[in-house]
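Here is a short briefing to read with the model open beside you. Take a look at the structure, then follow the points below.

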Amino acid sequence: MSDDKRLDNDNNEEDKIIGDDEILEEQTVIADTSGGIALDDEGLDVDSLMESYDKETSKLRKLKGTLSKLVMVIAIAMSTFHLYTAGFGTLLSYRQRSLHIIFAFIIGLFLYPARKKSSREKPAILDFALMGLTLVVFGYIFLFPEQMALKGGNATPLDLVFGVIAILLTLEVTRRVVGPELPIVAIVFLSYAYFGPQMPGILAHRGFSLTRIVSHMYMGLEGIMGIPTGVSATFVFLFILFGAFLDKTGVGKFFIDMAFGMTGHLKSGPAMTAVVASGFMGSISGSSVANTVTTGAFTIPLMKKTGYKPYFAGAVEAAASTGGQIMPPVMGAAAFIMAEFTGISYLQIIIAAAIPAVLYYFAVGTMVHLEASKLGLEGIPREKLPKVSKLLLTRGFLLIPLVSVVYFLISGNTPTLAAFKAIIISVVVAIIATLIRKDSSFTFKDFLGALEAGAKGSVGVACACASAGMIVGVVTLTGLGLRIAEIIVTVAQGNLLLTLFFTMIASIILGMGLPTTAKYIVLATMAVPALIKLDVNLMSAHLFILYFGVVADITPPVALAAYAGAGIAGSNSMKTGFQAVKIALAAFIVPYIFVINPELIMVEDIVGTTVIFMPFIEALPVIVSAIIGILCLASSVEGYLIKRTNIIERVLLAAAALMLLYPGYFTDAFGLVALVGTYLFQKMQIKREKAKAA
């Protein structure tokens with residue numbers, strides 16, 4: 001493709017050196033061969049990259065004129081509605097969720113054509129007809145919520161007609177916006193509910209009539225209007241909107257500059273910048289692909305220029321960006337749904353998730369540092385980098401909204417109210433900065449643009465949650481989750497490690513091609529019961545399936561984040577995907593450790609829905625074990641510690657990493673001896689080699 005050829009010719013670009021006092025501009029930055037920083041005059045079009053590799057963005061219509069303005073008005077109205085209900089109280093569940101779906105489906109039908117050959121400039125007559133049906137079938141729920149609740153599933157003929165239309169609408173809009181995978185899964189589940197008696201063995205059940213299935217999916221709060229949609233209509237939407245306002249204030253660029261200033265001088269330089277910047281961005285981003293493209297447009301060309309192979313550069317960015325889905329506070333919106341599914345507070349979930357998320361980035365950072373050492377790369381001189389102190393002085397105010405949202409959560413505010421207050425603060429900060437700083441600009445147009453972007457950005461999540469709600473509805477109707485749990489435990493013969501392994505594989509497979517929210521919902525209903533059956537605590541079980549469900553974004557053949565990284569790097573997609581898995585492989589040890597020993601997530605006990613956390617100092621030994629295990633596994637996989645490892649050293653380090661799955665004095669000692677012993681042995685070899693050379 002033309003982008004790939006252009007990217008492969010980066011070495012031919014003429015470079016302009018940045019002075020040591022300059023902050024990186026809004027262009028893509030690359031390093032010239034002399035070790036300085038240079039600007040790629042051609043740059044990378046982030047929007048076009050998103051269209052190429054993000055499934056939602058790639059299908060968007062390019063509306064113009066009146067239609068474009070109409071969609072903008074609807075999107076702004078959607079954001080305004082959610083802001084109002086966040087600040088002044090949500091509506092009845094039926095009303096809040098149905099109006100949320102009406103907004104999302106109508107925007108989705110405006111922006112996403114039915115087929116590739118459909119017009120990209122205006123909706124077809126069919127699209128307008130589907131919009132009308134959306135207003136009717138979900139408007140019916142909005143207008144008569146009490147009647148829907150009182151019927152208790154006793155559907156009238158009109159209810160059934162509307163229910164069938166609602167199910168088909170949900171599947172169709174989800175197909176357009178998210179892709180065919182999730183609707184196909186939903187159809188399989190709906191079929192399972194009907195064909196229960198024909199199912200083999202333990203999967204068989206008595207079966208349900210079409211009337212029962214339709215009423216359950218449409219009229220109750222366990223189908224389309226279920227918990228996933230409820231979370232999407234409150235917490236998730238507000239945090240997506242919060243992210244849109246942060247984006248308008250320029251916090252993304254600030255994160256990249258900060259990461260570059262902090263890590264550019266290291267041996268692994270731009271690769272470590274990708275890891276740190278992606279961690280920053282991932283904390284507020286809800287998409288692995290968006291994170292890859294946003295930070296990758298800067299870091300990938302820079303990595304290539306400093307000596308990394310294109311496929312490795314793309315893989316580093318993909319692996320680092322994918323970790324954003326497990327990085328608090330947003331966690332790809334899964335944390336909010338986890339709070340609803342488990343009954344555990346959102347604040348307790350992000351506290352428990354923090355250490356595994358940091359360890360994920362430690363593992364990825366270790367891999368890229370070892371690769372840089374193996375290649376003999378050097379960092380960029382500090383005088384050529386942005387100064388962190390200057391960045392904090394000039395743009396540190398951009399962090400105020402992020403700090404405030406954490407403060408509000410700790411203070412006991414609900415996530416919805418915390419996001420609402422943080423949005424207000426972000427607007428106030430942006431306005432004050434505009435008034436007192438010449439280089440800041442936040443206009444009323446930017447304000448409306450954030451409202452519009454937030455609503456449009458929520459459409460994919462809303463559609464995914466509506467379809468996933470039907471999957472959850474089938475599971476609650478048929479008891480499928482417990483049946484799958486029984487199968488997994490039986491195949492694993494009750495062995496915890498085998499059960500975890502099978503659950504990991506299932507999580508990766510089921511997570512392929514699905515948005516973070518949808519994959520978590522599917523896995524929470526299907527895989528978690530198997531772990532609970534073996535006395536794994538609730539928090540560990542849910543974090544385990546989320547961790548590996550997220551890894552699906554870099555696992556071939558459906559590795560969307562890796563393909564985005566490959567597109568920017570101009571490398572082979574599959575090779576980039578497998579390399580991304582290799583880079584993240586050292587992090588695979590972490591979920592096993594916190595399931596076997598919950599001290600890693602600082603969980604001492606769970607009483608009802610309240611998590612009792614232990615002091616950090618008591619969790620420290622297990623954290624150290626995990627770090628040793630990561631170092632051992634990373635060195636084994638990368639084939640390098642302080643010099644290239646031989647086969648015996650690699651096997652020894654891998655064995656030590658596996659033993660550290662069970663933290664304890666013996667395993668810790670073995671891991672430490674293996675790591676330190678290999679280090680000292682290689683140190684002696686290096687001395688001998690130097691002595692011979694002399």
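How many residues lie between β3 and β4 in their hairpin? There are 2 residues between β3 and β4, and Gly608 in the turn has a positive phi of about 65°. Please keep in mind that this is a predicted model.

- Strand β3 covers residues 603–607 and strand β4 covers residues 610–613; the two pair in the antiparallel sense over 4 bridges.
- To find your place in the pairing, look for Asp605, which stands opposite Ile612 in β4.

- Met602 is not a glycine, yet has a positive phi of about 60°.
- Met602 sits in the loop between α28 (589–596) and β3, and is buried because its relative accessible area of 12% is under the 20% cut-off.
- Asp535 is not a glycine either, and has a positive phi of about 65°.
- The loop between α24 (528–533) and α25 (538–551) holds Asp535, which counts as exposed because its relative accessibility is 72%, over the 50% cut-off.

**Helix α8 against helix α20**
- Helix α8 (residues 181–194) packs with helix α20 (residues 444–478) at an angle of about 25°, their axes 9 Å apart.
- Because angles under 35 degrees count this way, α8 is roughly parallel to α20.
- The crossing of these two helices, α8 and α20, is left-handed.
- On the α8 side, the contact residues include Leu182, Phe189 and Tyr192; on the α20 side, they include Ser467, Met470 and Thr478.
- The residues of the α8 contact with α20 comprise 12 nonpolar and 2 polar, with no charged ones.

Terms used: Residues numbered from 1 in each chain as written. Predicted model: local features only at pLDDT ≥ 70, side-chain atom pairs only at ≥ 80, totals over all residues. Heavy atoms only, no water. Axes fitted to C-alpha atoms, helices over the stretch in contact; angles between N-to-C directions. Parallel < 35°, antiparallel > 145°, perpendicular 65-115°, else oblique. Left-handed = near helix turned anticlockwise from the far one by under 90°. Contact = heavy atoms within 4.5 Å. Nonpolar A, V, L, I, M, F, W, Y, C, P; charged D, E, K, R; others polar. Pairing = 2+ DSSP bridges. Buried < 20%, exposed > 50% of the residue type's maximum accessible area, 1.4 Å probe, protein only.
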